[in-house]
Structure formats: structure tokens, C-alpha cells
Amino acid sequence: MPKNSKVTQREQSHEHVTESVADLLAHEETLDDKGSSLNVGGAAEKKVPPIELPENDGRPAWNSKLQYILAQPPSRLLLLSHLYAGAYLVPYFILLLLIGIPLFFLELAVGQKIRRGSIGVWNYVCPHLGGIGMSSLMVCGFVGLYYNVIIGWSIFYFFQSFQYPLPWSDCPIRRNGTLAIVEPECEKSSATTYFWYRQTLNTTSTIAESGGLNIKMTLSLLVAWIIVCLAVIRGIASSGKVMYFSSLFPYVVLFCFLVRGLMLKGSVDGIAHMFTPKLEKMLEPQVWREAATQVFFALGLGFGGVIAFSSYNKIDNNCHFDAVLVSVINFLTSILATLVVFAVLGFKANIMNEKCVVDNAEKILGYFKSEVLSHDLKPPHVNFSHLTTSDYAEMYGVIKTVKEDSFAQLGLAPCLLEDELNKAVQGTGLAFIAFTEAMTHFPASPFWSVMFFFMLINLGLGSMIGTMTGITTPVLDAYKVQKELFTVCCCVVAFLCGLLFVQRSGNYFVTMFDDYSAGLPLTVVVILENVSVAWIYGTKRFMQDLEDMLGFRPCIIYFYLWKYVSPFCLIILISTTVIEMAISPPGYNAWVQELAQERFQSYPPWALAMCFSLIAVAMLPLPVVFIARRFNLMSDGSNKLSVSYRKTMMKDISNLEEDEGRFILGTKPGEVPSSVSARKAYLTPGGNKPLDQNSLSPNSCYGTSYQNAAISPTTPTTPTTPVTPESDS
């Protein structure tokens, strides 16, 4: 460090120094946790030889703040845009405020403070709950397996889009000698539905019927894993650069689709349907569960990717600003994506409604010709060659009134636009059926199709980079393995395991993994993260650590959110999830080729066992690690502390006194100011008593085990008492 820098000048000065954001911004070289002069000490002064800390502990860092922000992309925006219209937006916004922002802030803070992946972070906060990080890794693994299959589907559709007309715009023609007929399965459903289920997936009728590998999907999955591996293998240096394109390009496409969608007939009807409040839907637990799932996936809560990305930040980074900014961007992006979805679906609903009117008008004309209906029922102003929806609605009402007893036998449909909007699909069907069908009616449809699926590939790539980082970073932090080799091995193993999803019945396994491997385990992981910080480590202590790290005190509302509100909401969420799983028969929607439509089918016993095994395997590390460390069957992880973290602890703990547990900023290493404390006393919600406690460190559950391991053997120490979890009451 230059001798004339302000940091060096302050270390050589005997004046009292108070850290602030302005001080940190004024440094010529950033003061981080490796070079800070925070010391734990009591009233007595002790001279401790200064420890030379390395300028860089070798951990990678973001090249810019923009790269870091872009590394937190909104994931599955279109695949999880649940179509509950106005009933969905309100729960999503409420849960974003009560759960999303506070827990996203919590994950950013612990990752930035401890500078480790998810396994290391929760080992440090509370070794008994070290299984949290391992469960996060398991969930990331399961999600990555099936989510990259969706990227593979998008890659297949992307290359199929370079055709005019689009291959899913018309039903295929089957020729039998000189006779040409439309494919019956396609005629019963639709061209886009047939292309998805038969030509893309070539799906079987049950999950028990494998059907063998789908070669086209296998090659697409291989391409997807090659892209992900190349993006992740170089670490955040290359991942951050990829994020510039993969995160910004989807916004360009979404804005283009929104402008184009607003120009389509019926788009206003779709947007009006989106903002129409449906209070009866808001009372359904399913809506709140789906909204919470979207919050988890959009912010990456519980996956470990957030902690991994924030661990590459500088110690004085304003993670509170990052949490609020990314949450707001995610919410606005979700609104933008939902506007695009409903604009396009409004257009599609109008087309389907007009088709319904034409089909039923032909039926009515046939009834007039066969004298099933009297010509007197035909209004004089109705023109069947240009029948409008309002004219058809009038005729429908008249016929229903006159033929009240035999009306059901006529087989006439009401053809209401509201019904078509309510039929809108979601999940994979939204992207690969509803959107593809709407795009066939666009001018220059191949261009829009290429743009749409290229956007999906980029969204998926951004999500997969975060998921893979949540896997590789904790392992690389805990075990010294070669990063490139480990990343390649992970991708190869994942591709081989992913072959389960590219057999002809693979779509049903994607649904299974989406329903069971992430939902409940992810919620359990998130609530244990919340409890371990707020109740075991202590909310007051954590708030004080944030003040030390950020240079300012976060809003007091976070205290109550972390302590009471978020855990309560998560407990309710887990309870409703378990109750629904208990009362609802586990099953999937199978495509029945003979009927050319989906039918709900229950899982066979082996598939049902597989469903619950996914939940059990994802959560198994939690009790295993707890029991193993409770009975000293497993190391508490103290030997895996990073070099910089251990040396910082040696410097900080060297002045620990039995009656004093606070960090005090000294003018020199080992020297304590005689009068004023360098840190401001944090006033707790319960009163104005200053807080006395340790900063965020791994000894919060195991007393002084880390302290004793970190103290130099040549340094005289005073006996210490175990640090018990703090009570906030």
C-alpha cells in the first residue's frame, strides 16, 4: 500500500478514527476485511505484534459493480408467469416486501461479510446448521439438471425458427396414395400443440413408458451443457462479461414484443384481464404458493448463487442498496414480462374466439337448412358472412331461450372472450404452445420466433450461471480442487443424469422435478437461513455487524422482518405446501395420443417414491450434519477457514477480555482508544442500551472453538467463556 495513502496515515496516527462511507470512498485503495484494524478488546491495553495481511487473498473479484448487478438476473420470467391475472400481482408484491427483499439482503450480507460459498457461510454462522449450505447445493443440482433441458428445448425451437412458414404453423398432411388427409392428432388439437408433443418431444402416453432417447432433444441438451460449461469454466471474470449480453438482451426483446403486441388486435383485452382483480382467487393458497415460488426463483433465494456472487464483493460494498435495487428491477421486469404475455395472449384469445364464432355460426346455418331451428330465430340485421361476436352472442341468447329443453343437444358454445383468456396455459406450455401459436399470426413470423427463443436461451443461460456458481463456489471453497476440471466434471455428470429428461417420457420427469425437488426443500432452506441468523446468531448482533460493515445502520424495519414477519410467513407457506401435498393426489398431465389432449394421471408407486425421495435427498444434509456435529462425529469446519479470514480473526481476538465482547476500532493493531468507542452504539428496538457482542463469526454456536484455533500460540491470552446465542428479548 502506498505510504501516503489515507489508510496508512491513519494507522500511523494516534488520533481516534471513525469509519464512514465517505472515508471508504476516499481511500486510494479499498479497505477490506483483510486489512482492517478492527480489534476485540477490553479496558486494558495489550501490545500485540502487528500481523502482515496479504493485499489479496487470491479470491476473484467483480470487474465492475454493473457486472455484479447483472449477475442477479430475473429467472424463469416467462416460464413462471402464472396466469392468475390481478389475483397474482398483489400476492407477489406483498411477498416480495415481506420475504423477498429482507432475505435477499440477508444472503447478500452474510456472503459479503464471510466471503465464502453457501457451505462455508452457514458453517461459520452456526456449524450445527451447516447442512443448510449442502441442501442448497443439492437443490441447485436438481434444478440445474432439469432447467438446462428447457434451454435445450429453446435451442431446438431456435434453429427450427429459420424457416418460412414456421414448421408449427400448419398441420402436416398425411398421404395415402392419391388421398391427402390432415394428421388426425393435429386436427383434434392444434398445429402448435401437435408440433410440441409429437414432433419435438414425441412424448409417450404415460410416465411408465420410456420410449427410448429422443435424439433431437439429446443433441440439444448436449449443446446447452457445452454453452453453460464454457460460460462458467472461467469463473466470474468471464461470467460477468457474458452477463452483459445474456441479461440485457432479453430486455430489448421484451420491449420489442411489448410494442409489437400493443399493435395487435385484442392486446388491450389481455392487459385489461391482467389488471382485473379477482378477490376470490386471492383467497386460494395455491396463488400465494405460486407467488412465493416466483419470488424465490426471481431473486435466487436459497440456491446459494446469491451468497456465492456476493462473496466476491469488497467488504465495504453497500449490499443494502444492491438488495433493494435488484429486487425493484426484478419486480419491474416481472411486470414487463407479464404485460408482454397478456398482450400476446389477448391477441391469441381474440383469434380463437373469432374461430369459435365462425365454427358455431356454420353449425347454426346447418340447423337452419335442416329445419332443426326455425328461420324466424334469425335476426334480420345479422349477416352470417360477417358475423361479429356481439351478433353471435345475441343469436346464442335467443336460441338458448327458445330451445331451453333441447339446447344442450345442439352443441353450441358461448364463445366468450373471457373464457378464452382463462384457458391460457402456463409453464412450458406458455412458451412452447401459446407464444408459438400467437407468433404464427405475426407479420415476418420467423424473425419474431428467432428473437423470442434467443431471448429464452439467454434468460436460461443467466439462470444456469447462477445455479452452477451456487454449486462450484462452495465446493471450491471447501476443497482445494482444480476449478476447470471440477466444472467440466460437473457438466459431464449433469449431462449424463439429464438423459432421464430427454427420453420420450422426459417431459413428465421435468414436471416431477419442478414440483418436488425445489419447492418444499427450497422453502425449508430459506426459513433455516432466516432462523439461524435472526434467532441463533441474534438479530441485534447481526444489525450491529451490518453497521460495522456498511458504515450506517439499516432501517429498523429489517429487525422486525427478520425476527418475526419473514419466519411467520415462511412457516405458513410450508404448512400450506405440506397440507396441499397431503390432500392432493400426486400426479401429472399426460398427453394421450388417441384423444389428442392432456389427461391427469396419478403417479405409479415407483414414481411416487421417486417424488418423495427428491424431497428427502434435498433435505437429508440438514439432520445428518446436525446430528454428526452434535455428537462430535464431524469436524465443525474450523480448519477450513480461509487464510485471510483466520488472520483477521487472530488480529481481532487478540485483545478479547472476559467481560467485553464488542469490536473496538484501535489506532494501531492491538491498541485501544482510551475514551470514545469507534463504533456507534446500536440502539435496539427495546431501548437505548448499547449492544455488547461479537461480530458475525463462526463461533456463535460453538463458543470459542474458532477463537482458540485462530489465536497465535505465542500470544498470551485470557481465559474466555463460551459465547452463547444472543437473546433479543
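These legends accompany close-up views of a predicted model.

**View 1. Phe105 and Tyr558 form an edge-to-face pair.** Let's start with one of the 42 aromatic pairs that a search of the whole structure finds. The ring centres of Phe105 and Tyr558 are 5.1 Å apart and the ring planes meet at 65°; planes over 60 degrees apart count as edge-to-face, so this pair is edge-to-face. Phe105 belongs to helix H4 (residues 86-114) and Tyr558 to helix H24 (residues 557-583), so the pair links distant parts of the chain, 453 residues apart. Both Phe105 and Tyr558 are buried.

**View 2. Phe105 also pairs with Trp562, in a tilted arrangement.** Here the centres of the Phe105 and Trp562 rings lie 5.6 Å apart with their planes at 35°, so the pair is tilted. Because Phe105 is in helix H4 and Trp562 in helix H24, this contact ties together parts that are 457 residues apart in sequence. Phe105 and Trp562 are both buried.

**View 3. Helix H5 is largely enclosed by the rest of the structure.** Take a look along residues 118-125: eight of the eight residues of helix H5 are buried, so the rest of the structure largely encloses this helix. Among the buried residues of H5 are Trp122 and Tyr124, together with Ser118, Ile119, Gly120, Val121, Asn123 and Val125.

Notes:
Residues are numbered from 1 along each chain as its sequence is written. This is a predicted model: local features need pLDDT of at least 70, side-chain atom pairs count only at pLDDT 80 or more; totals for chains, interfaces and linings use all residues. Side-chain values use heavy atoms; hydrogens and water are left out. Rings of Phe, Tyr and Trp (its six-membered ring) pair if their centres lie within 6.5 Å; planes under 30 degrees apart count as stacked, over 60 as edge-to-face and the rest as tilted. Helices (H or I, at least four residues) and strands (E, at least two) are DSSP runs, numbered from the N terminus. Buried means under 20% relative accessible area, exposed over 50%, partly exposed in between (1.4 Å probe, protein chains only).
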